[in-house]
Amino acid sequence: MSNNHNERFETIYRATFNILSKYVYFKVANISDVEDIIQNIYINFYTYIVKKNKEVDNVQSYLIQIANNELTKYYKSKKELPITFSDETNYIIENIQSDINIEHDLLNTFEPIKVFELVKELELIDQKIIGAHFRYEMTFKEIALSLHISENTVKTRYYRALKELKKLYELNLE
Amino acid sequence: MDKLKQTFNENLLNEDKILHSINHKINPKNGWFYHKAFRLSFGLMTLVILSLFISNIIQSQPDKIVKTVGITTPRNQLAYALVSVDINPSFELYVDKNDRVIEINPINEEAKTLIIDQLIGLEVQDVVEDLIKQAQDLGYINLIDTNQNTVIISTINYGIDGEKIIKNIQVKLGSSVNIDRSVKSYIIRATDDDREEAKRENVSLGIYMLNGIIQNKGVPMSVQNFVSDLNNLEILEEYAEKTNGTELVEIIQALINELVTKGIDVTSFQNRLNREGEDLEELIDDLKDQFESLNPNTNSDDKNDDEYEDDESDDDKSYEDDSEEDDDEHDD
């Protein structure tokens with residue numbers, strides 16, 4: 001009956017992946033670690049619930065519980081603390097106006113895969129903001145809530161990061 | 001924007017790639033997922049039959065196994081949300097995990113007069129906008145009669161982010177320049193139980209929800225009859241999803257972006273958006289006025305003729321005034 005397990009598992013996976021991956025994404029700095037943790041969560045779920053035909057009332061909550069356990073193990077193993085940001089350390093003195101033209105260039109003119117690669121050269125907080133905006137289509141407010149900083153900081157950093165990306169892109173072309 | 005989003009989807013926490021890795025760890029020898037397509041054996045046929053059998057059991061006893069993950073469409077596809085659109089044509093839109101419409105079910109005869117095939121595969125908010133636009137063009141929405149320009153959108157999510165669907169529809173309809181401003185849309189959250197009851201009473205989900213919020217136990221009222229009563233309208237305004245500040249900002253940003261593509265200088269609008277205390281709804285109206293000035297219709301041409309007559313007389317007057325002023329200046 002393992003094919004039945006796999007179909008059931010995939011249905012649950014597809015329905016919960018976005019929410020669970022977002023949850024872990026904001027708690028771990030390194031992207032490949034994020035992927036490993038997500039895999040571990042689902043493998044645990046498959047092994048202890050799906051394969052044993054157990055029932056769970058609220059699958060999403062259960063997966064978040066597993067996620068918290070995995071994250072605790074991860075922080076201990078890396079001897080790290082969870083990533084945190086604050087408005088004080090991320091305050092930008094200059095008032096960055098949202099620049100429609102830079103956004104337009106970046107989104108419509110530049111090669112997407114090159115832009116994606118250059119995001120890795122930004123500061124961690126900016127990587128998270130850009131990733132959350134384009135991968136998960138989160139609003140500034142939602143990103144602010146997830147990162148525990150103000151919406152204004154997110155917005156300002158977002159547009160600053162776009163400027164930085166444009167600069168890096170043009171430097172790479174030379 | 002789509003290409004960049006797609007690139008991020010493909011390269012950052014890609015759902016399919018991670019599933020593939022999980023599969024290798026769960027079933028290192030089998031690799032069932034990617035080999036399934038190539039099996040032609042009797043075992044594959046058994047698997048398909050077994051899956052249909054088990055999915056029937058899951059649908060008939062959903063509470064026992066996994067709660068509300070997916071719904072089977074009339075054509076046996078798996079959807080993760082249902083959006084019901086009631087104008088007078090009524091539709092059910094079945095939505096996949098990527099917020100794209102995979103099936104459209106016209107509920108009444110009027111609905112069959114709209115073109116829906118080309119909408120399959122589009123994002124749900126685009127489909128909702130297009131259906132309303134078609135209904136408007138075909139005269140189902142009467143722009144003059146305020147009882148006939150209301151759209152009720154009911155949403156049920158079956159395992160995906162329902163908030164996102166509602167927000168995307170709000171932003172799309174709020175920033176649409178294809179739908180007349182007088183058209184009022186209300187979004188109501190519903191549940192699977194509501195849908196079952198609506199089917200039992202043989203009414204669309206939107207009609208069922210409207211009558212439910214005023215606890216009408218008699219003959220179900222149509223949308224038109226419902227909104228003709230101001231008390232009902234007040235209750236609906238309270239009950240329906242509100243467009244909050246974040247959505248208003250997104251609507252404005254979408255309108256600004258659209259103006260940029262038309263080569264319009266948007267600096268003043270952008271400054272207003274960034275200004276604290278700005279009346280965002282007024283800003284939206286001004287942006288829509290800008291759009292209308294780019295595409296004047298025949299009605300506004302008639303209006304312009306009337307204004308021309310008035311302006312002509314004003315011009316004569318102002319010439320006299322100006323000439324007097326010039327004389328004065330010359331003297332100085």
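I looked up the neighbours of B:L93 first. Leaving out residues up to four places away in sequence, B:L93 touches B:V83, B:V85, B:V101, B:I104, B:V124 and B:V127. I note that the model is predicted.

I then looked up the cores. The largest nonpolar core has 97 residues, and B:L93 is among those that touch the most other members, along with B:A81, B:V83, B:V95 and B:V128. Helix 2 of chain A (residues 31-50) supplies the largest share of this core, 9 residues. I also found a second, separate core of 10 residues, with B:I251, B:V266, B:L283 and B:L287 among them.

Next I went to helix 5 of chain B. I checked the length of helix 5, residues 124-137: at 1.5 Å a residue its 14 residues should span 20 Å, and the end C-alpha atoms are 20 Å apart, so the two agree. I listed its buried residues as B:V124, B:Q125, B:V127, B:V128, B:E129, B:L131, B:I132, B:A135 and B:Q136. In an α-helix, residues three or four places apart point the same way because there are 3.6 residues a turn.

What covers the buried residues of helix 5? In chain B the cover includes strand 3 (81-86), strand 4 (90-95), strand 5 (101-106), strand 6 (150-157) and helix 6 (162-174).

Last, I took totals for chain B. I count 14 helices and 7 strands in chain B. Of its 332 residues, 30% count as buried. Among chain B contacts between residues at least 6 apart in sequence, 57% join residues at least 24 apart.

Methods:
Residues numbered from 1 in each chain as written. Chains lettered and ligands numbered in written order. Predicted model: local features only at pLDDT ≥ 70, side-chain atom pairs only at ≥ 80, totals over all residues. Core = buried A, V, L, I, M, F, W, Y, C linked by C-beta atoms within 7 Å. Buried ≥ 20, exposed ≤ 12 C-beta atoms within 10 Å, placed from the backbone. Helix = DSSP H or I, 4+ residues; strand = E, 2+ residues; numbered from the N terminus. Contact = placed C-beta atoms within 7 Å. Expected span 1.5 Å × (residues − 1).
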